[in-house]
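Here is a walk through one protein model and its ligand. Keep the 3D view open as you read.

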Amino acid sequence: MMMNWNRRQFIGALGTTSLIAGFPGLVFGSAKARVVIVGGGFGGAIAARYLKLYAPGIEVTLLERNKQYISCPMSNEVLAGERNLDSLTFGYAAHAARGVNVVHDEVTAIDAVKKTVMTQGGKNFAYDYLVVAPGIDFDYGAIEGASPEMEKTMLHAWKAGEQTLQLKKQLEAMKNGGLVIITSPRRPYRCPPGPYERAAQMASYFKHHKPKSKVLILDHGDTMPKQALFEESWKQLYPGMIEWVPGNSGGKILRVDQKKRTLVTDMGEQTADIINFVPPQRAGAIAQMAGLTDQSGWCPIDPMTMESTIHKGIYVIGDAAVTNDIPKSAHAAASQAKVVVNAIVAVTSGKPVPKPQYTNACYTVVGPDYGFSIVGIFQPEGGKLVSVKGAGGLSPVGAPAYVRKAEAEYGYSWLKNITTEAFL
Ligand SMILES: Cc1cc2nc3c(=O)[nH]c(=O)nc-3n(C[C@H](O)[C@H](O)[C@H](O)COP(=O)(O)OP(=O)(O)OC[C@H]3O[C@@H](n4cnc5c(N)ncnc54)[C@H](O)[C@@H]3O)c2cc1C
């Protein structure tokens, strides 16, 4: 069902839902300006929605290469056979109906001086303000022997879509008693709990179909987020099926041998029936081409507004931005989108930009009726985005089954809310 919110309903919702994050000093704009948004994922799509709602006079153009968006959140459930990809696939008709100029094209260049965006289709878009939300690309060059070529034999499935389906097929074709390796890359990367949730969802599939099979996680890092919760859930649901090797115990990938299909770590050569190689990451390529990234490969921003510290008038949101304590998540991208909308509307209306607060809520579903979550609140401090002490929280370890079941249900509600906000 399409949601057509008017301003009264919108303000009403602000009082009761997490929409309040990023809108602490609500300002509505009447000014006319041209805003171009690059990338229609969670960040870009939500920015487009609220810009049009907040300031209908602003001309909003959303440039997105794909006609359909496939949500990564909950895509690990596709691997377990708990859902299909259709349930995670969305279009852009609602944006067009609201008056957003939706253009499906690849952005190939940004001229920050002339304030124009060029596309593969040969179009030029002039802007007064630009929002760049291209998500991630992979940094294969960071590991000796790795290259995009290896996606033919070692899938990442870290951008939900065709590779998610292929990985699922590989699991189905694997023998009972087989081994899957999942790599967890250099930090920061998109969705910090993702590899560990994926291991659990694969184990869930094996438990019912190939119970002698195992998942081995080779980790660049020494710890994992929600560690006690993951370890507890693996023990309870999938005893002996998941092994985790942290970086300081030899989990770090030092080299890839594509010919032999092996990963080299301090423990020697590793191989498996299926290798799910999640590569190191950096900001989406267009951010790099536009000179918005620093030596880290991500885009530095002013935490008050998400405006690039390299190019004025360009805001970078979502996974592509340097956000310090805030993890790279869809929820965080949504929160950042609201901060940018507020900043652009304030600037175009000649009003002061209010100090923002950012939120992140991350639900993990490790199997049927079993979920847990972490919530964080963040604010600008000393030029960085820092976690507010005493705010937020983590699910308790040792909670009874009805709590885990409720948390899984909250996770599904969260997905429904954020995909509605972004695409419906
Ligand atoms: C397995 C997995 C599970 C996850 N689970 C969760 C979860 O439970 N909760 C959560 O909050 N987050 C989760 N995430 C993370 C979440 O998917 C990302 O953080 C989120 O998608 C970031 O949003 P974004 O707008 O920055 O980027 P994206 O959503 O990737 O959107 C970027 C868009 O830009 C487009 N684009 C890029 N370059 C160009 C160009 N040059 N021209 C035109 N278009 C372009 C892309 O096509 C894409 O549509 C998960 C991720 C994975 C991989």
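A polar contact here is a pair of N or O atoms within 3.5 Å. The model is predicted, and the contacts below are read from it.

Start with E64. One of its polar side-chain atoms sits 2.7 Å from a ligand oxygen atom. V107 takes part through its backbone: an N or O atom there lies 2.9 Å from a nitrogen atom of the ligand. H331 also uses a polar backbone atom, 3.0 Å from an oxygen atom of the ligand. The protein covers 96% of the 1000 Å² of accessible area that the ligand has on its own.

Now widen the view to the whole shell. It holds 34 residues, and the closest are G43, E64, Y69, R190 and D319. By class, 15 are nonpolar, eleven polar and eight charged. Helix 2 (42–54), strand 2 (59–64) and helix 9 (330–349) each give at least two shell residues. Helix 9 has the largest share, with three residues. Both domain 1 (7–11 + 26–135 + 284–354) and domain 2 (143–279) contribute, with at least three residues from each.

Next, turn to a sheet. Strands of a sheet pair through backbone hydrogen bonds, either parallel or antiparallel. This one is open, has three strands in the order 6-7-8, and pairs them antiparallel. Strand 6 (107–111) and strand 8 (124–126) are at the edges; each has a single partner strand, so one side of each lacks a neighbour in the sheet. From one strand to the next, the twist averages 20°.

Three bridges join it to strand 8 in the antiparallel sense. T116 stands opposite A126 of strand 8.

Methods:
Residues numbered from 1 in each chain as written. Predicted model: local features only at pLDDT ≥ 70, side-chain atom pairs only at ≥ 80, totals over all residues. Heavy atoms only, no water. Near = heavy atom within 4 Å. Polar contact = N/O pair within 3.5 Å; in protein donor to acceptor, adjacent residues only side chain to side chain. Areas by Shrake-Rupley, 256 points an atom, 1.4 Å probe, with all protein chains shown as cover. Helix = DSSP H or I, 4+ residues; strand = E, 2+ residues; numbered from the N terminus. Nonpolar A, V, L, I, M, F, W, Y, C, P; charged D, E, K, R; others polar. Domains from an automatic or database assignment. Pairing = 2+ DSSP bridges. Axes fitted to C-alpha atoms, helices over the stretch in contact; angles between N-to-C directions.
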